[in-house]
Amino acid sequence: MKREEIIVDGAKGFLGRGISNFLSSQNFNIYKLSRFSEFDFDHSKKYTLVIATGRFDGTIDEIVGSNISRPLYVASKLKGCLSRIILLSTGAVYGCSFDDLRSKEDDILSPIDIYSCSKISIENLLRIYCDNSNIRLNILRMPIVYGKDNLKGVIPSMLLSYFKNNYIKVFNAGRSIRDFLYIDDFMNAFFKVINYGQSGIFNISSDATYSMMDLAKIISSNPEEIKIYNEKNNKLEKMSLDYTKAANILNFKPSFNKITREMLTKIYKNLK
């Protein structure tokens, strides 16, 4: 198997760092980009660009800058030496409600906030850019990716609240539903995408689907330690992805389809 030259933009983040470390262990040549990196690449070679940058919250300028402007800037700077782009996107682009079935790649996209709008925008812009430049494009739509090295997101927030304050806050009455993808399963899928020779959009997910109330109850079995709020801190009601396409084409099969308290306790130990 040919070892590709891989450029990872966002290599300091949770997913970008994990991708860089994993592919380095598989003897790929990895080049890590950050905001302060020089774009000094050999234009006689062809590289795969992994876009692992992204911002969930902040001002509209910050979200658009991270999710749209930065990827387009990097792609334009590397024009002429890219053979493929792999964009890490999100299942939030489907904008699902509680009663919706698991989202499929060909479902209609329904953004519900600036974040999901920005992700749909960069997907569409890169699709046109790659079509016009003869560059293969893989878009990976994912749910919440968790692991011991991830210090941000709903799982770290719940764990820190519980172990430090002895209570957990759940919003939207704890009804919001999410898939959870363990970092090792993501890396397994990503490696399969690297070795896949064609363009395509793939949902990468697992069967670990929980409401926020279910997740809180895994952390604490005491109802008095779970504080329920009816207001919504996130308008997205459900993010649950059908990964049948990845299973059939990439032979992807997640190994971690259940979240246990023991697993969450291990994650917390790394947060302290």
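Is Phe 163 buried, exposed or partly exposed? The close-ups below, taken from a predicted model, start with that residue.

**View 1. Tyr 162 and Phe 163 form an edge-to-face pair.** A search of the whole structure finds 17 aromatic pairs. One of them joins Tyr 162 and Phe 163, with 5.1 Å centre to centre and 75° between the planes. Phe 163 is partly exposed, at a relative accessible area of 30%. Tyr 162 is buried, at 12%. The cut-off for buried is under 20% relative accessible area, so Tyr 162 falls in that class.

View 2. Tyr 196 is buried, with a relative accessible area of 16%. Phe 202 is buried as well, with a value of 1%.

**View 3. The charged end of Lys 245 sits over the ring of Phe 202.** The distance from the ring centre is 5.1 Å.

**View 4. Lys 227 lies over the face of Tyr 167.** Here the distance from the ring centre is 4.0 Å.

**View 5. Ring pairs build a cluster.** Its members are Tyr 146, Phe 180, Tyr 182, Tyr 210 and Phe 256.

Conventions:
Residues numbered from 1 in each chain as written. Predicted model: local features only at pLDDT ≥ 70, side-chain atom pairs only at ≥ 80, totals over all residues. Heavy atoms only, no water. Phe/Tyr/Trp six-rings, centres within 6.5 Å; stacked < 30°, edge-to-face > 60°. Buried < 20%, exposed > 50% of the residue type's maximum accessible area, 1.4 Å probe, protein only. Lys NZ or Arg CZ within 6 Å of the ring centre and 35° of its normal.
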